[in-house]
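This report goes through one structure in plain terms. Please look at the sequence and the 3D view before reading on.

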Amino acid sequence: MSQENVELVRRAMQAVNDRNIPAIESIYAEDVVYRLIGGLADMMGTEFRGRDALLGWFREWNETMDARVDIDTIRDVNDQVLAIMYLNAAGAASGAATTRLFGQVFSFRDGRISAQEAYYTPDEALKAVGLEE
């Protein structure tokens with residue numbers, strides 16, 4: 001099942017990059033919990049509960065940023081998937097560009113993503129799954 005979960009995360013990130021809402025809906029559990037940990041959490045909120053809340057945040061994010069995520073490293077760790085990614089973004093109004101390396105930890109239930117934790121730094125994500133860089 002772990003390789004299937006890795007592929008599910010890859011599909012989810014492709015759907016995010018493509019802004020493919022129907023694909024995102026099919027990949028995330030209806031009761032998904034998305035958590036921002038550190039960094040931007042103070043400005044954007046720390047938790048989004050349910051697919052509708054996640055999609056609302058995603059739509060708002062897309063209105064303010066032209067963003068893309070690129071997976072640098074991905075691996076299964078126990079029943080979760082750890083992904084270290086680059087966020088390449090530009091402000092929609094300003095055009096100011098930024099690139100940021102961050103980490104995410106995904107949990108699964110019934111073939112869907114049931115939780116996603118977005119850590120401000122890769123080290124925080126590594127520690128969350130019991131690994132140190």
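Which residues does Ile-24 touch, not counting residues up to four places away in sequence? Ile-24 touches Ala-15, Val-16, Leu-55 and Phe-58; contact here means heavy atoms within 4.5 Å.

The model is predicted: local features need pLDDT of at least 70, side-chain atom pairs count only at pLDDT 80 or more, and totals for chains, interfaces and linings use all residues. Residues are numbered from 1 along each chain as its sequence is written, and side-chain values use heavy atoms, with hydrogens and water left out.

## Cores

Ile-24 is among the residues with the most contacts inside the largest nonpolar core, together with Met-13, Tyr-28, Phe-106 and Ile-113. This core has 34 residues. A nonpolar core is a set of buried Ala, Val, Leu, Ile, Met, Phe, Trp, Tyr and Cys residues joined through side-chain atoms within 4.5 Å. Buried means under 20% relative accessible area, exposed over 50%, and partly exposed in between (1.4 Å probe, protein chains only).

The elements giving two or more residues to this core include helix 1 (2-18), helix 2 (21-27), helix 4 (51-64) and strand 5 (97-109). Helices (H or I, at least four residues) and strands (E, at least two) are DSSP runs, numbered from the N terminus. Helix 1 supplies the largest share of the core, seven residues. A second, separate core has eight residues, including Val-77, Ile-84, Val-105 and Ala-125. In soluble globular proteins, nonpolar side chains tend to be buried together.

## Strand pairing

Two strands pair if DSSP finds at least two bridges between them. Strand 1 pairs with strand 6 in the parallel sense over six bridges, and Tyr-28 stands opposite Ile-113 in strand 6. Strand 1 and strand 2 (residues 47-49) run antiparallel and are joined by three bridges. Glu-47 in strand 2 is the bridge partner of Arg-35.

## Two serines

Ser-107 is found in strand 5. Its side chain makes a polar contact with the side chain of Gln-80 (3.0 Å). A polar contact is a pair of N or O atoms within 3.5 Å; within protein, one must be able to donate a hydrogen and the other to accept it, and residues adjacent in sequence count only if both atoms are side-chain atoms.

Ser-114 belongs to strand 6. Ser-114 is buried, with a relative accessible area of 11%. A polar atom of its side chain lies 3.5 Å from the backbone nitrogen of Phe-108.

## Aromatic rings

The whole structure holds three aromatic pairs. Rings of Phe, Tyr and Trp (its six-membered ring) pair if their centres lie within 6.5 Å; planes under 30 degrees apart count as stacked, over 60 as edge-to-face and the rest as tilted. One of the pairs, Tyr-34 and Trp-57, is tilted, at 5.1 Å centre to centre and 35 degrees between the planes. Tyr-34 lies in strand 1 and Trp-57 in helix 4, 23 residues apart. Both Tyr-34 and Trp-57 are buried.

Most residues other than glycine have a negative phi.
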